Amino acid sequence: MIEAVLAGAVAGGTSILFPTLGEVVAERSGVINLGTEGSMLTGALAAYAVGIETGNPWLGVAAGLAAGAALAAVHAFVVLFRGANQIAVGLVVTFLAIGITALFGQSYVGQGVVPLTDVAVPGLSELPFLGSILFDHDPLTYLSVVAAAGLWWMMRSTSAGLKLRAAGERPEVLEVYGSSPRSVRVFGVLAGGALAGLGGAQLATAFTRNWSEGMVAGRGFVAVGLVIFAAWNPLKAIAGAYLFSGAVALQLELQAQGSEVSRYLLQALPYLVVIAVLVALSRRRRHAAPAALQRVFEGSA
């Protein structure tokens, strides 16, 4: 049971990890994007639909990435160029995505897509216990870990990472050195949307391998919360994503084994775990937040 839960945590955590990384990038630039849920949903439908129409799952993944970025572009334009409140716009964008995907996704319910197949790492996948947990997953799962490490390195060691962090901490300093904080934030929001779309694509074409209305089921909102757990650190986001998906895998295993605990309580378990962890860490994580996020409710970019 432990091995099944841990393997489920890694496989299911990929669709959480991508949007969490995206939200880290957006918030490091100084913008909160609650439209992450919507970008995931549009990414999932785009990936699934293109995968079915073309028979190529990788074209579907590319479509999911582009769809997530396109929806994020709406958020970026309204917030960064028209000065609207970030929180309100993010929620509206999410509900817009729910409506659009419900309308255009009806014809794809019940259809089969060519899925992304699992790739066993030669040698390592045969290791006892760890092999099935870490080295026998779809390609996007491996890519998500590489992306986390790459973003961590980019933010710490490159001029682009320095500009990203400066936009979220001291935008006035960025302007003094000739760079536009708004341009950096547009990049942050678009990159965040693209990563959220990638998470939706993995969910639809590799993990569940189907499409249903509202299938993201709050994962985008959980990703926004996990950014605090991760202290805006891409590497720590891996632990947050796997913690949530591990709780999901655990409650599914308990239901499969006929646990006497109410299934409704079991279904709430992953969200209760996230809330408990956030409560425990909120005081410690508060000082890690980018300074520009404190001005969110002023509606300023």
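Visitor: Does F244 count as buried or exposed, and at what relative accessibility?
Guide: The model is a predicted one, in which local features need pLDDT of at least 70, side-chain atom pairs count only at pLDDT 80 or more, and totals for chains, interfaces and linings use all residues. Residues are numbered from 1 along each chain as its sequence is written, and side-chain values use heavy atoms, with hydrogens and water left out. Buried means under 20% relative accessible area, exposed over 50%, and partly exposed in between, for a 1.4 Å probe and protein chains only. F244 counts as buried, at a relative accessibility of 4%.

Visitor: Which helices hold F77 and F81, and F244 and Y271?
Guide: Helices (H or I, at least four residues) and strands (E, at least two) are DSSP runs, numbered from the N terminus. F77 and F81 lie four residues apart, about one turn, in helix α3. F244 belongs to helix α11 (residues 234–256) and Y271 to helix α12 (residues 263–285), so their pair ties together parts 27 residues apart in sequence.

Visitor: How many aromatic pairs does the structure hold, and of what kind are they?
Guide: Rings of Phe, Tyr and Trp (its six-membered ring) pair if their centres lie within 6.5 Å; planes under 30 degrees apart count as stacked, over 60 as edge-to-face and the rest as tilted. There are two aromatic pairs. The ring centres of F77 and F81 are 6.1 Å apart with planes at 25 degrees, so this pair is stacked. For F244 and Y271 the centres are 5.5 Å apart and the planes stand at 65 degrees, so that pair is edge-to-face.

Visitor: What are the relative accessible areas of F77, F81 and Y271?
Guide: F77 is partly exposed, with a value of 48%. F81 is also partly exposed, at 42%. Y271 is partly exposed, and its relative accessible area is 37%.

Visitor: How are α3 and α4 oriented to each other?
Guide: Axes are lines fitted to C-alpha atoms, for helices over the stretch in contact, and angles run from 0 to 180 degrees between N-to-C directions. The axes of α3 (residues 57–81) and α4 (residues 86–104) come within 10 Å and cross at roughly 150 degrees. Angles under 35 degrees count as roughly parallel, over 145 as roughly antiparallel, 65 to 115 as roughly perpendicular and the rest as oblique. The two helices are therefore roughly antiparallel.

Visitor: Which residues does T36 contact, leaving aside its neighbours within four places in sequence?
Guide: T36 is found in helix α2 (residues 36–54). T36 is buried, with a relative accessible area of 3%. Contact means heavy atoms within 4.5 Å. By that criterion the partners of T36 are P19, E23, A196, G220 and V224.

Visitor: How many residues of helix α10 are buried?
Guide: Helix α10 spans residues 219–229 and is mostly covered. Among its buried residues are R219, G220 and V224.

Visitor: What is the phi of A217, and where is A217 found?
Guide: Most residues other than glycine have a negative phi. A217 is found in the loop between α9 (181–207) and α10. A217 is partly exposed, with a relative accessible area of 43%. Its phi is positive, near 55 degrees.
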